[in-house]
Amino acid sequence: MTVRRILVVAIVAAVAIVASAEEPKSPRDMWGLAANAAVTGDYDAAIKNTNDLLNAGKALGISSFPTYASSAAAMARESDKLGKKDLADWAAKTADQLDPHSPAVAFSASERARALGNWPKVFQLSITGFIRVFRNYRTRLLGQVDLLIATTLAFALTAAIFAIALFFRYARSMGHDFREILGTRFHGGSVSVLAFALLFLPLFLWLSPIWLALYWFIIFFGYASKIERVLIILFTLIVAALPIALDRAATWAAGVDNPIVAVDIDSAEASYHPESLRRMQELAALVPDNDLVQILLGNLELQEGNDQQAEVYYRHAQQIRDSAGANVNLGNRNFLNGDFGAAITFYERAEQLDPKLAIAFYDDSVANGETYKFDVQGQKLEQAKRLDTRHIERLTQTPPPQKIVVYTPPVQDAWAAADSLAQKGVAKTLFGTYAYFDLRNSAMNPITLGALAALLLEIIVWWRRRRSGYANACIKCGRTFCRLCKSARESATYCTQCIHIYLKRDGVSLDTKRAKLEEVSDHQTAMTRRNKLFATFLPGSAQVLEGRTIAGVIGMILFLLFLSVAVLTGRLAPALGPVADTTHLFVRLLMILLAAVTWFFLSLPVYRRRVTIG
Ligand SMILES: [Zn+2]
Ligand SMILES: [Zn+2]
């Protein structure tokens, strides 16, 4: 937000307040006054209004104002650019006061430090921001979503490269078998061409590369070693799961902005968002029969200081469903009006409805304390502690200013309510209310179904072809052979020629021997060169080609994960907030460094390998 826009907002807010000077001020009015005063240079008034806002927040059960904090942080950066140092300093300090735990404020301050060239501070603020990302539900969830998407990409690429490695290891043998199979029906040169074409069958059917990978998993399954077979099955399952994981990630990223989920998180974190009340009222107009919506609306009205309106919503919630939460919050209304007897009645009803709700017992104990029933107070407090030790002990150490605790529905309840509303499609006109996750729907995509079919085919094809045996390639010269062209009694790893030269060492003519040695040398050199080429661009793939499968696959996953994060960071869900360019840069550099280290460890040893001709 620019300074000018802040100014306009502030003036509009100020005019509104003059018009209704007698009514109690809501947080949005006070922030308008504070920003207005600061922009006009009256810092005493700005500080006073900010303190009023923070004190009012405390009384209303609000501990942070993330929206105002972000706009103050933006104001600090803008003022820096305009050379207004006093305003910038005030805005930066105020941003920290308005939301002491905001990742966005820390990242914004980091950008500001970068503009001033203070790099140690840039680094320190980025780390602070990162720690805050993990403490804040929304940013933590979005961070997990981003990581899930990067992991999905890394696994998809690893599966593809693994399939390519299998192709290089077993395509010659498979080609040999295709030729033998086709040879019974066709004659002449067409057999070789057809056999080669069969290795790329999905491409001739105009299918995308993912199908080629799955096809290779199927046809090479029989040739693969035991470890490779396990990995083929694993990667087929992973490919099947990838679209579902992406769908799940997308639903989380979109669903966290659902009014029910967003307000529930804000209510639990006691943070104030000026847009929330309007969004929730719009939702309640479309969905009047949801008690969760009514309870959350009540909590939002409490933040605005409209206690009577809050009570109306709580009563409505209780009429829709006589829930423990509604009773706790109705009890709280009576408690704050000084009617402790009525409050205790509501709390006791809540305890009956949900004997596991710790805050019902806690609030009950507070109310009993007010009426001097200290034995009941102690009893209820013990009960509350037994149900939720950590939370209640924290409450007894630092009791809330209003003494009693407001009920906020558990976040999983909010997700469930948001999901069911999205599935019914009743509030489609509102922002953030469409996304829901349904496993069965999500699994009905061609890639998942295709991968599951491929899994079945891997086993079936392997089982059926097992009897006729698989062709093999000579580990010395690379020539392929099968049961039909070589005696089964001979070594299974060498071709007939190599058996005579290397194992039996019997009467082979010198010319034949020399020609063979050259063939072996060419083959081995070509293999080493190929492995080095693969190692250069795709660390880990050379290890898979050499048969050191597990090390290779783990290396590939790590390298590709680092690379995916480096490429995708800052481009997915805004987990780090809107302005975090420097932090994105740090993440990118760290990931590139880790990818380089992985490359070093995996690819350098491959470079050092010598051609061995024994
Ligand atoms: Zn050989
Ligand atoms: Zn053969």
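**Figure 1. Overall view of the protein.** Of the 614 residues in the protein, 42% are buried, and the model shown in this and the following views is a predicted one. The protein is built with 29 helices and two strands. Its radius of gyration is 34 Å, well over the 25 Å that the globule rule gives for 614 residues, so the protein is more spread out than a compact globule. Taken along the principal axes, the box filled by the C-alpha atoms is roughly 110 × 60 × 45 Å. Among the contacts with a separation of 6 or more, 64% are between residues 24 or more positions apart.

**Figure 2. Close-up of the packing of helix 4 with helix 5.** Helix 4, which covers residues 66–82, packs with helix 5, residues 85–98, at an angle of about 160°, and their axes are 8 Å apart. Because angles over 145 degrees count as roughly antiparallel, helix 4 is described as roughly antiparallel to helix 5. The crossing of these two helices is left-handed. On the helix 4 side the contact includes Tyr68, Ala69, Ala72, Ala73, Met75, Ala76, Ser79 and Asp80, and these meet Leu87, Ala88, Ala91, Ala92, Thr94, Ala95 and Leu98 in helix 5. By class, the residues of this contact divide into twelve nonpolar, two polar and one charged.

Figure 3. Ala38 and Val606, which are 568 residues apart in sequence, have their C-alpha atoms 64 Å apart in space.

**Figure 4. Close-up of the crossing of helix 8 and helix 9.** The axes of helix 8 (residues 137–183) and helix 9 (residues 190–199) come within 9 Å of each other and cross at roughly 130°, an angle that makes helix 8 oblique to helix 9. Helix 8 passes helix 9 in a right-handed crossing. In helix 8, Ala171, Met174, Gly175, Phe178, Arg179, Leu182 and Gly183 take part in the contact, meeting Val191, Ser192, Leu194, Ala195, Phe196, Leu198 and Leu199 in helix 9. The residues of this contact comprise ten nonpolar, three polar and one charged.

Methods: Residues are numbered from 1 along each chain as its sequence is written. Chains are lettered from A and ligands numbered from 1 in the order in which they are written. This is a predicted model: local features need pLDDT of at least 70, side-chain atom pairs count only at pLDDT 80 or more; totals for chains, interfaces and linings use all residues. Axes are lines fitted to C-alpha atoms, for helices over the stretch in contact, and angles run from 0 to 180 degrees between N-to-C directions. Helices (H or I, at least four residues) and strands (E, at least two) are DSSP runs, numbered from the N terminus. Angles under 35 degrees count as roughly parallel, over 145 as roughly antiparallel, 65 to 115 as roughly perpendicular and the rest as oblique. A crossing is left-handed if the near helix is turned anticlockwise from the far one by less than a right angle, and right-handed if clockwise. Two residues are in contact if their C-beta atoms, placed from the backbone, lie within 7 Å. Ala, Val, Leu, Ile, Met, Phe, Trp, Tyr, Cys and Pro count as nonpolar, Asp, Glu, Lys and Arg as charged, and the others, Gly among them, as polar. The radius of gyration is taken over C-alpha atoms; the globule rule is 2.2 Å times the number of residues to the power 0.38. A residue is buried if 20 or more other C-beta atoms lie within 10 Å of its own, exposed if 12 or fewer, and partly exposed in between; C-beta atoms are placed from the backbone.
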